[in-house]
Amino acid sequence: MPDNLASQKKSSVVKDETIIKIENLTKRFGKVAAVDDINLEIKRGEFFALLGPSGCGKTTLLRMIAGFEVPTEGKIFLDGVDVSNIPPNKRPVNTVFQSYAVFPHLSVFDNVAYGLQFDNISKSEQRDRVMAALEDVKLEHLAERKPDQMSGGQRQRVALARALVKRPKVLLLDEPLSALDAKLREAMRFELTELQDRVGVTFIMVTHDQDEALAMACRCAVMDRGRLMQLATPSTLYEFPANKFVADFIGSVNMFEGKLILDEPDKAIVEVEELGGKVFFDHGVLGAEGGQIFVGIRPEKIELIKRTKDMKKPQMEDSPEDCNVFAGVIDNISYLGSESIYEITLDNGRRMQVSRPNLSRWDQEDFTFNDEVWLGFHGDSPVLLQN
Amino acid sequence: MQNWFENKRFFWATMLAPTVWFLAFFVAPMALVWAYSFGENAGPVNIAITGTFGNYAKAFRPEIIQVLSDSVVLAFIATLICLVLAFPVAIAMTFADDKTKSWLLLLIMLPFWTNLLIRTYALIAMMRTEGFINFSFAFFHNIAVSLGFNLGDYVPMELLYNKSAIVIGLVYVHLPFMVLPLYAALDKLDRSLIEASLDLGAGHMTTMWKIVVPLALPGIAAGLVITFIPAMGAYLTPDLLGGPNDLMIATLIERQFKRANDWPFGSALSFILMYVTLIFFALRTFFEARGGKVSAH
């Protein structure tokens, strides 16, 4: 599996050393396990994302790393030191809070300087470091401002500078972009990755927004109901999801229950009743025998072919006859500019989603409502998933 | 929705009764008392309003000034003690879980629902020479004596009928007035500010002094004023707990209206008390406006 795709990725500062190691970490609130037996390692210099729907335990995990929650079981190692029971003010870890938590009664400068007064450094060095941190986030001209005279984006920069000025081993970001408007959010994505690259600090970000995680992180841990569902690079999560939850949570997917009828080292066939046909894989799916299995196909990996009355069912060139091609009718179209999303009803009533990039300015005119079409996909497109 | 202030008929239909009430039972009597304060006694029940400032001049006699300044000082000390006691309570309420919070709130409010006279007599029962406090001290004193300490006989402490008794009583009665505004201010405080302070390396005490207290200042100011004003005008507490010479302004006013039968002077004193109160209110409004200006930009 292509986990070495990590090397393709954004951050040039990742080192092959572990900075955070989480061992059998569990946090229970009453009887509910918010975080349930998590094991993971985060590398020095990495931009790491904890991704999952609300209530999946990602924030609790982050708060345990920060020191605001004490683990019920398990350990957290920071740079080899067990910090599980060290209070937050003694951990070389700093946090950018979701609400930013900029102190409203202090100026920008005093906000950033706040944490340095506990660090035993001279006043003049404090000053230099505060100004350098403000420069890092491009706020040096607003040092004397009060937070309530600033926009949300500027306050977030104050929070960033205030955390980074402490030179933490790890910077924690709790939903850093959720309070910004759409345009600013996009810009901030690039700025945050760029900043991370520049300062070389390990960033751990919590987010429920998959786009955000995919766009920014070197690796993501996808969580659901307190458990780690998959830890991988963004492209691995998307193209090789480990289970149904990840496939469904990251991007959109057409998912069908099926029955494995052939599994050889170089090919596999799954009978899918919902599709009224067979799905061919151009690779073996070893280990998937028995139990419930599901086939997932991403909308953009399906081709649309016009279907006329007496037309013979076409065949995908890399797949056996009668596999990976299904008949349907276009039911609904969402035109999104760069692409169009087609809702297609198959002959047996099952609906599928197909997306198609509008590469030429006329592409969206190829298909319209009620067009009869063939849906086809290649043998390397479907993924086999288990619960 | 239509603005109810603009619908004249609706406005007057609802406002007529309260307006009449307000005029008849607040404005008119106050005006009467205000007029009396410029009058002179003309016979045992008649007051002639002569426009004299003599009543106000009388208030500047040293013994009256003494009572006024005693009132301010005692109320002020009681208010400060309230602040010191109430702050931890308000903090505890803020950070308690919901269930504990409502119990604490109930405990704070409970004395409010009990008659002031009963509460004050309860306090007297605690503090008199044969009261529970002296009884407890005597108990431990006697144990110490029986253990061989040569302490002599227990001499009960004189806890009542002095200025400290008044202060204790004022604190006891007015503590809720301080707790509630403090709690309101602290409860509004964004918890992540406290976490941020800890996260940046501050200890709990530093966080308290550098983050929580500054941000609770409006609540502290409100608590000081709301506690100070009724404490200064307190009547029952100093009257029952104070000694014969420990007068506060309300008792003095009462004596003018009753024993001394000098309504004009009592009226003048009432209005002096009100002016002092208004000055403190104005100060509060001034500081609030200033605080508001800082956070509005």
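Let's start with helix H1 of chain A, residues 58–66, which lies across strands S1, S2 and S4 of chain A and runs at about 120 degrees to S1(A). Keep in mind as you look around that this is a predicted model.

What does the helix lie across? The strands S1, S2 and S4 of chain A. They belong to an open sheet of 4 strands, in the order S2-S1-S4-S5, with antiparallel pairing. At the edges you will find strand S2 (32–43) and strand S5 (81–82) of chain A, each pairing on one side only. Strands of a sheet pair through backbone hydrogen bonds, either parallel or antiparallel. Here, strand S1 (residues 18–29) and strand S4 (residues 73–78) of chain A run antiparallel and are joined by 5 bridges. For example, Ile20(A) has Leu78(A) in S4(A) as its bridge partner.

Ile20(A) also takes us to the largest nonpolar core, which has 65 residues. Ile20(A), Ile22(A), Leu50(A) and Ile204(A) have the most contacts inside this core. Follow Ile22(A) and you will see that it touches residues including Ile38(A), Leu40(A), Leu61(A), Ile65(A) and Ile76(A).

Now move over to chain B. The axes of helix H7 (residues 163–188) and helix H9 (residues 204–232) of chain B come within 8 Å and cross at roughly 150 degrees. Because of that angle, H7(B) is roughly antiparallel to H9(B). Among the residues making the contact are Leu170(B) and Phe177(B) of H7(B), and Val212(B) and Ile220(B) of H9(B). The crossing of H7(B) past H9(B) is right-handed.

How values were computed: Residues numbered from 1 in each chain as written. Chains lettered and ligands numbered in written order. Predicted model: local features only at pLDDT ≥ 70, side-chain atom pairs only at ≥ 80, totals over all residues. Heavy atoms only, no water. Pairing = 2+ DSSP bridges. Helix = DSSP H or I, 4+ residues; strand = E, 2+ residues; numbered from the N terminus. Contact = heavy atoms within 4.5 Å. Axes fitted to C-alpha atoms, helices over the stretch in contact; angles between N-to-C directions. Core = buried A, V, L, I, M, F, W, Y, C linked by side-chain atoms within 4.5 Å. Buried < 20%, exposed > 50% of the residue type's maximum accessible area, 1.4 Å probe, protein only. Parallel < 35°, antiparallel > 145°, perpendicular 65-115°, else oblique. Left-handed = near helix turned anticlockwise from the far one by under 90°. Lists of a residue's contacts leave out its neighbours within four places in sequence.
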